[in-house]
Amino acid sequence: MAAPINVVILGSNISGNLMTHYILKHITPATTARPVKVTIISPSTKFYWTIAVPRALLNKPNLLKPEAIQVDIITHLVKNHGPRGDKWEFLEAWARGVDVNRSIVTIEAVDHNVKETIIPYDHLIIATEDELAVVAPFKPHGTTEETLSGLKSWGDKIAESNTILLVGGGPTGVELAGEVKDSYPNKKVILVTSGNVLPMLQPRISLIARNLLEKLGVDVRINTKVTAVNRAPSGQGVEVVLSSGETVPADFFIPTLGQKPNTEFLPKEFLNSHGFVQTTDYLNLPSHPNIWSLGDVTHYEGNRKATTIDPYCQVLTWNLRKVILEEGKVVVGEGAGWSKYKHSLDQMMFVPVGGKQGTGQVKTWRVWSFFVWLLKGRDYMVPWIVNSVSGSSVPKKLKIVA
Ligand SMILES: Cc1cc2nc3c(=O)[nH]c(=O)nc-3n(C[C@H](O)[C@H](O)[C@H](O)COP(=O)(O)OP(=O)(O)OC[C@H]3O[C@@H](n4cnc5c(N)ncnc54)[C@H](O)[C@@H]3O)c2cc1C
């Protein structure tokens, strides 16, 4: 049997996992000369439903068990594509380096059964996320167990704190402030933000979000910056200095802002000046056509959301399939028949504020509170996890996107 074409995917959450299903459904069955094998490298074998983190973080099993937002990836790969082996392999490991001259990824195993330290690739796909600039369980954070214990310990910390100060008025800050205050009406919850809350939405919708938070009892400080965070003299909690000159004591300080790409292990030549992977609109790297990237880790600014991942997968799968089927005799982007990615900045955001209310925007329309509750706030879309992890949204037919 001819040696396989090795497609190595780094990261296995929303982008990496969906991309795996796309390849196994649309590329693996189409190849005849050399089979395609997908190797997924990720420190976590569980898919992490970031969307529901603001509620799961409370660690209140009657609301949402933290365990419920982690779903096993391997089970769904086996169920949909057969046993691991010839077609796919999952290595529970960190990618620690990429050597383009030798076409290898160096890895550090998390699972002691993984003996490999070097993984050769014919095509490499980078889907390793961005994360908040602070160590927090908002995104997959290390191994499955580390992410889960991070969630639980933050929940415990919230439960034992009287005053919780959140910084950042984006959807994560607004949703988390709402969840905390709704669950713990007697705690003091302060949300500090340098501009307005939800500044990416229309001003009238930002105002609705702010009013909903204030109605719940959250102390919202707009147009305010945190200038320093000092340890409290008592040794318990912190003292947060605000640009207004005020110093606010807090038992728990939660920053929810800043995005940092998880790309330290990649050669600098792959990255833009902010550390995100710089791709062409065909989603490969200008200097290394067999290295591809998608999702939050790419250079595409704004609208980094789970809902934007599928269009990346469609373009990348189309182009990768063309290269593989034409046995590398084509140059990506030259001639006709290539898919081109266009990053949509169309707004689609649903922001629950506590368990019963919320606001949102779709394109230029405001979403009524009831619909935000119905579509997201009542269960944070947890019933959708299985659809997402199993790749059931992958279309039967692949289309060119030009
Ligand atoms: C709190 C919160 C709420 C959100 N809510 C919504 C929402 O309601 N709607 C919406 O559309 N979007 C939402 N998002 C955004 C959404 O979560 C992201 O757009 C999405 O997770 C991006 O997917 P990704 O696969 O690119 O990155 P991630 O989901 O972050 O996955 C990255 C993967 O890379 C792995 N990895 C990292 N480093 C390495 C390494 N060195 N080697 C190997 N693997 C590595 C990780 O373990 C993980 O598997 C939310 C985000 C947050 C933080």
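Here are some notes on this predicted model, going from the overall fold to the ligand and then to a few individual residues.

1. Overall dimensions. The protein has 402 residues, and its radius of gyration is 22 Å; a compact globule with that number of residues would come out near 21 Å, so the two agree. Along the principal axes, the C-alpha atoms occupy a box of roughly 70 × 45 × 40 Å.

2. You will find nine helices and 21 strands in the protein. Of the 402 residues, 54% count as buried.

3. Helix α5. This helix covers residues 171–183, and its end C-alpha atoms are 18 Å apart, which agrees with the 18 Å that 13 residues should span at 1.5 Å a residue. Ten of those 13 residues are buried, so α5 is largely enclosed by the rest of the structure. If you want to look at them one by one, the buried residues include Gly173, Val174, Leu176, Ala177 and Val180, and also the charged-type side chains Glu175, Glu179 and Lys181.

4. Helix α7. Running over residues 309–325, α7 has 17 residues and reaches 24 Å from its first C-alpha to its last, close to the 24 Å expected at 1.5 Å a residue. Here 13 of the 17 residues are buried, so α7 too is largely enclosed by the rest of the structure. After the helix comes Glu327, with a positive phi near 50°.

5. The ligand shell. The ligand is surrounded by 28 residues, and the closest of them are Asn13, Ser15, Thr50, Glu129 and Lys376. By residue type, the shell divides into eleven nonpolar, eleven polar and six charged.

6. An oxygen atom of the ligand lies 2.5 Å from an N or O atom in the side chain of Thr50. With Ser12, a polar backbone atom is 3.1 Å from a ligand oxygen. Thr307 likewise has a polar backbone atom 3.1 Å from an oxygen of the ligand. Taken alone, the ligand exposes 1000 Å², and the protein buries 93% of that. The elements giving two or more residues to the shell are α1 (14–26), β2 (36–42) and β5 (88–99).

7. Thr256 sits in the loop between β16 (252–255) and β17 (259–261). Its relative accessibility is 9%, under the 20% cut-off, so Thr256 counts as buried. A polar atom of the Thr256 side chain lies 3.5 Å from the backbone oxygen of Gly168.

8. Positive phi at Ser103. Ser103 has a positive phi, near 50°, and lies in the loop between β5 and β6 (104–109). Its relative accessible area is 22%, so Ser103 is partly exposed.

9. Positive phi at Asn223. Asn223 also has a positive phi, near 50°. Asn223 belongs to the loop between β12 (219–221) and β13 (226–231). Is Asn223 buried or exposed? With a relative accessible area of 56%, Asn223 is exposed.

Methods: Residues are numbered from 1 along each chain as its sequence is written. This is a predicted model: local features need pLDDT of at least 70, side-chain atom pairs count only at pLDDT 80 or more; totals for chains, interfaces and linings use all residues. Side-chain values use heavy atoms; hydrogens and water are left out. Helices (H or I, at least four residues) and strands (E, at least two) are DSSP runs, numbered from the N terminus. The expected span of a helix is 1.5 Å times one less than its number of residues. Buried means under 20% relative accessible area, exposed over 50%, partly exposed in between (1.4 Å probe, protein chains only). A polar contact is a pair of N or O atoms within 3.5 Å; within protein, one must be able to donate a hydrogen and the other to accept it, and residues adjacent in sequence count only if both atoms are side-chain atoms. A residue is near a molecule or strand if one of its heavy atoms lies within 4 Å of it. Accessible areas come from the Shrake-Rupley method with a 1.4 Å probe; for residues, only the protein chains shown count as cover. The radius of gyration is taken over C-alpha atoms; the globule rule is 2.2 Å times the number of residues to the power 0.38.
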